[in-house]
Each structure stands twice: as C-alpha cells, then as structure tokens.
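Hi,

Here is the structure I said I would pass on. Have a look at it first, and then read on for what turned up when I went through it.

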Amino acid sequence: MAFEAKQCDQQRQCCSFSGLKFSLLAILFFVLFPHAAAFDPLDPFGNITIKWDVMSWTADGYVASVTMNNFQMYRHIMSPGWTLGWGWAKKEVIWSMVGAQTTEQGDCSKFKANIPHCCKRNPIVVDLLPGVPYNQQFSNCCKGGVVASWGQDPAAAVSAFQISVGQAGTSNKTVKLPKNFTLLGPGPGYTCGPAKVVPSTVFLTPDRRRKTQAQSEFSDARMVDYSHAVTWNVTCTYSQFLASKNPSCCVSFSSFYNNTITPCPTCTCGCQNKNNCIRSDSKRLNTVGINTPRKDNAPLLQCTHHMCPIRVHWHIKLNYRDYWRVKIAITNFNYRMNYTEWTLVAQHPNLNNVTQVFSFDYKPLVPYQSINDTGMFYGMKFYNDLLMEAGPSGNVQSEVLLQKDKNTFTFKQGWAFPRRVYFNGQECRLPPPDAYPILPNSAYSRHPVTITTMAVLVFWMI
C-alpha cells in the first residue's frame with residue numbers, strides 16, 4: 001500500500017509538472033508570436049512591405065518615395081484597390097503628392113497663401129486611376145490600387161507614389177517616423193506593425209550605370225548602426241479571421257463513376273444574404289445596372305444552399321494505370337463582382353507530379369523546401385484571367401493530368417481530393433471528410449460493388 005501511494009504521488013507530480021510545462025510553453029508562444037492568427041501555412045513568408053525612402057530635403061521637410069511591395073505568393077489586391085493610412089508623429093502636413101492622393105484635405109485654414117494637399121493628422125491615401133495626366137504619374141502608380149500577387153506577376157506586384165511632407169524637420173535627426181499604419185486591401189484583414197528603420201535603399205538610374213541611395217547620415221553602406229538612416233519599413237500581414245467571420249468560397253467534389261455530387265455544406269458562407277439573393281431565372285436580372293458594384297461592396301448573390309460568392313468544383317474525371325485526370329471548375333455566384341487576375345491554390349500530395357495543365361497557368365509553390373504538395377492555378381492572359389460575374393459566363397474551368405506516385409499517393413478513402421483550397425487567398429470550406437466520394441484503388445474498377453449490391457447478392461444466395 002505504501003508503495004502504491006508513493007507511486008500515485010509520483011504520477012501526480014509528473015502530471016502537475018507536465019501541465020505547468022504546457023502552460024509555460026503556451027504563454028511563451030503567445031508572447032513571441034502575438035500575431036499568430038495572421039500566419040498562413042501555405043505562404044509562411046507572405047506579407048506586404050511598405051518602404052518609405054526620404055529622397056531629398058526641402059525648406060521645412062522632405063520629399064519621400066513610398067513603395068508598396070506585395071510579397072504574397074497568391075493573394076493580390078483587387079479592385080477597388082488598396083487604402084493606406086497612418087498617423088503623424090508631430091504636426092506634419094502633405095504639401096503635394098504624385099501618383100496618389102488623400103481622400104480628404106482636412107482643415108488647412110491656418111495656411112493663407114500656399115495650401116497643402118492634406119492637413120489631417122491621420123491621412124488616408126489611395127492610388128490614382130489609370131489615364132491620369134502624365135505630370136501626376138509616378139513609377140508603378142495609377143492602377144486604381146490593384147496590385148498583383150508575387151507568385152503570379154512579380155513585375156506588377158508593386159505600387160508606389162511620391163509625397164512631399166512639410167513641418168517635419170530638415171534633417172535625419174529631427175524627422176519622426178509615422179505611426180499606426182493601416183492597410184485595407186480593399187477590405188479588412190491586414191495588420192501592420194510599427195515602422196522600423198532599415199538600411200538606405202539603393203536605386204539604379206534608367207541606364208543601370210549609376211547608383212543613388214535614400215538620404216542617410218552614413219556614406220558607408222556597410223555600417224551596422226542605421227539609427228539615423230531615413231529609410232523605414234512597415235510590414236503588414238493578412239488574417240482571414242480579421243477579414244470575415246465566414247468563408248467566402250466553398251468546394252464540392254464528384255468522381256467519374258458516381259452520379260452523386262458531394263456539395264458544399266449548407267450555409268457555408270453564412271445565410272445573412274438569403275433574403276436578398278436572386279434566383280437564376282428571376283426577371284430582375286434584366287434590370288439595367290443590376291451588375292453595377294456598390295461603394296460598400298455589398299454582394300448580390302444567386303440563391304444557393306451554400307450562399308457563397310465562389311464555388312470550386314473538383315471532379316475526378318479519369319483513372320488510368322499510371323495517370324489520373326482532374327477537372328477543376330470555378331463558378332461565380334456574385335452578380336456585382338468579377339474577379340481579375342484570380343488565383344486558385346490547392347494542396348494535394350500528388351501535385352509534385354503535375355504532367356499537364358490544359359487551360360490554366362500553373363506554378364508549384366514550395367513553402368517548405370522538403371514538401372512539394374502545393375500548386376497555384378491562374379488564368380491565361382487575355383483568355384480566362386477574368387472571371388465574369390454570375391451568369392452564363394461566370395465560370396472558368398480546366399483539366400489537370402497527374403502522374404501517380406504509389407509511394408505517396410493512393411485513391412483510397414478520398415486521397416484523390418485536395419487537403420486545402422484557396423481562392424484569391426481566401427481559404428475555402430471543404431465538405432466533411434465522411435461525405436467524400438469513395439474511390440476505387442484500381443484503374444479498371446469502373447463499377448465498384450457497393451454495400452447494397454452485396455446485400456442483394458447475399459439475399460439471392462440464401
């Protein structure tokens with residue numbers, strides 16, 4: 001009895017120590033990673049970096065180049081574009097801007113002769129639209145705030161503007177960094193960290209024969225102490241939980257040998273728009289302006305059981321001995337929005353053996369060097385890179401041929417279906433695993449014996 005009591009005490013102490021250790025690790029995790037909700041496992045290094053370079057000094061401030069680089073592999077900023085905001089550290093004003101503009105001028109009544117472009121303590125900046133006069137343009141500007149993803153088009157994954165700031169100090173020791181940066185792209189979801197001083201940016205002249213750099217107190221770029229350099233970065237990361245409490249897309253499944261389709265779950269994207277949806281045969285669709293977007297981006301959805309703007313359908317079309325074929329179809333159910341430069345990301349163990357993609361462009365994504373199971377699909381330029389609004393033309397589709405890898409892939413128990421699916425950087429809701437179509441493991445099993453068939457055979461044998 002004494003031995004058993006001693007053993008129980010040791011077990012309790014061990015459990016107590018394990019629980020304490022787990023609690024300490026959890027606390028340490030949240031302290032070290034306070035924005036862990038913004039982590040994307042398929043794009044662990046994806047972010048939007050805003051770089052602020054002071055290019056020259058003026059009588060009461062400076063002229064800066066502000067560059068926004070989208071380093072997200074498959075999440076782009078679509079129309080109506082980005083909105084960037086910050087708070088001034090002192091009483092700065094914006095004298096002028098090139099390539100962008102603030103949404104409000106603010107109270108500039110104390111300026112009598114030369115009126116600033118913006119006097120607000122918390123300015124909100126938007127990109128200019130295409131076609132503005134040449135003297136208002138800046139490099140990589142004037143695209144309506146639309147920025148491509150880094151994986152799809154690195155050359156178009158940048159937006160920039162020039163800003164002339166007054167009442168800011170005239171040296172790199174008196175200039176104060178702006179604070180409280182916010183980014184809408186175009187809706188919520190991005191969280192921006194504080195501005196951090198970084199090494200001065202080096203610029204190349206158009207002939208690429210001369211280098212210049214942002215203003216700095218140091219002439220030696222190898223100096224470690226950049227405390228007086230006037231270049232700073234702001235890093236913004238995306239969280240789908242901050243963007244919306246409901247998903248914005250769903251996935252349905254089907255297979256070549258079964259007429260049953262595994263649909264999207266009911267009310268996948270929330271049914272709050274159920275009373276305002278439109279049936280596909282409604283006469284309201286003939287109303288003029290029915291497809292015009294609203295300023296608040298409120299959707300006008302087709303009535304479905306899932307009430308999602310986007311549905312991705314994954315169909316197992318054919319099963320050969322060494323290959324298998326998938327048909328992917330993307331359907332838009334929103335009558336007020338089309339999707340330019342859309343992206344589709346799928347995670348599947350057999351995507352490391354993609355043989356051919358027929359009408360989409362394809363790029364493998366390798367977020368971790370030892371794992372190659374993620375791929376990005378996107379539309380071909382001037383062919384199907386525009387997903388039209390809901391209706392007869394509101395869909396795009398392609399087929400993918402994959403080579404089987406028997407060491408890592410099998411058709412058993414739904415392994416032919418993807419683990420994750422993203423559309424435009426938003427993770428889509430998949431059906432529950434127990435609803436997946438059961439697939440045969442043989443290339444020649446076109447008519448598998450079901451439980452019902454077996455029961456009938458046993459009945460006739462009796």
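Let's start with V66, which sits in strand β2, the run covering residues 61-70. Keep in mind throughout that this is a predicted model. Is V66 buried or exposed? With a relative accessible area of 1%, V66 is buried, because the cut-off for that is anything under 20%. Setting aside the neighbours within four places in sequence, V66 is in contact with I50, K51 and W52, and also with S159, A160, F161 and I163. Take S159 as one of these: 93 residues separate V66 from S159 in sequence, yet their C-alpha atoms are 8.5 Å apart in space.

β1 and β2 pair in the antiparallel sense over nine bridges, and the two make a hairpin with three residues between them.

Which strand pairs with β24 over nine bridges? That would be β17: residues 323-332 of β17 and residues 395-403 of β24 run antiparallel, with R325 opposite L401. β20 (residues 354-357) pairs with β24 as well, in the antiparallel sense and over three bridges. There, V357 has V400 in β24 as its bridge partner.

Then there is an open sheet of five strands, in the order β21-β22-β19-β25-β26, with antiparallel pairing. Why do β21 and β26 each have a side without a neighbour in this sheet? Both stand at the edges, β21 at 361-365 and β26 at 426-427, and each has a single partner strand, so one side of each is left open in the sheet. Within the sheet, β19 (residues 343-347) and β25 (residues 420-423) are joined by four bridges in the antiparallel sense, and V345 is opposite Y422 of β25.

Of the 462 residues, 43% are buried. Counting contacts between residues at least 6 apart in sequence, 72% join residues at least 24 apart.

Finally, confidence. The chain averages a pLDDT of 82, and 82% of the residues score at least 70. Residues 1-37 are below 50, and beyond near neighbours in sequence that stretch has four contacts in the model. Residues 216-229 also stay under 50, but here the model has 21 contacts beyond four places in sequence. Where pLDDT is low, the predicted coordinates should not be read in detail.

That's what I have for now.

Cheers

Notes: Residues numbered from 1 in each chain as written. Predicted model: local features only at pLDDT ≥ 70, side-chain atom pairs only at ≥ 80, totals over all residues. Heavy atoms only, no water. Pairing = 2+ DSSP bridges. pLDDT = per-residue confidence, 0-100. Contact = heavy atoms within 4.5 Å. Buried < 20%, exposed > 50% of the residue type's maximum accessible area, 1.4 Å probe, protein only.
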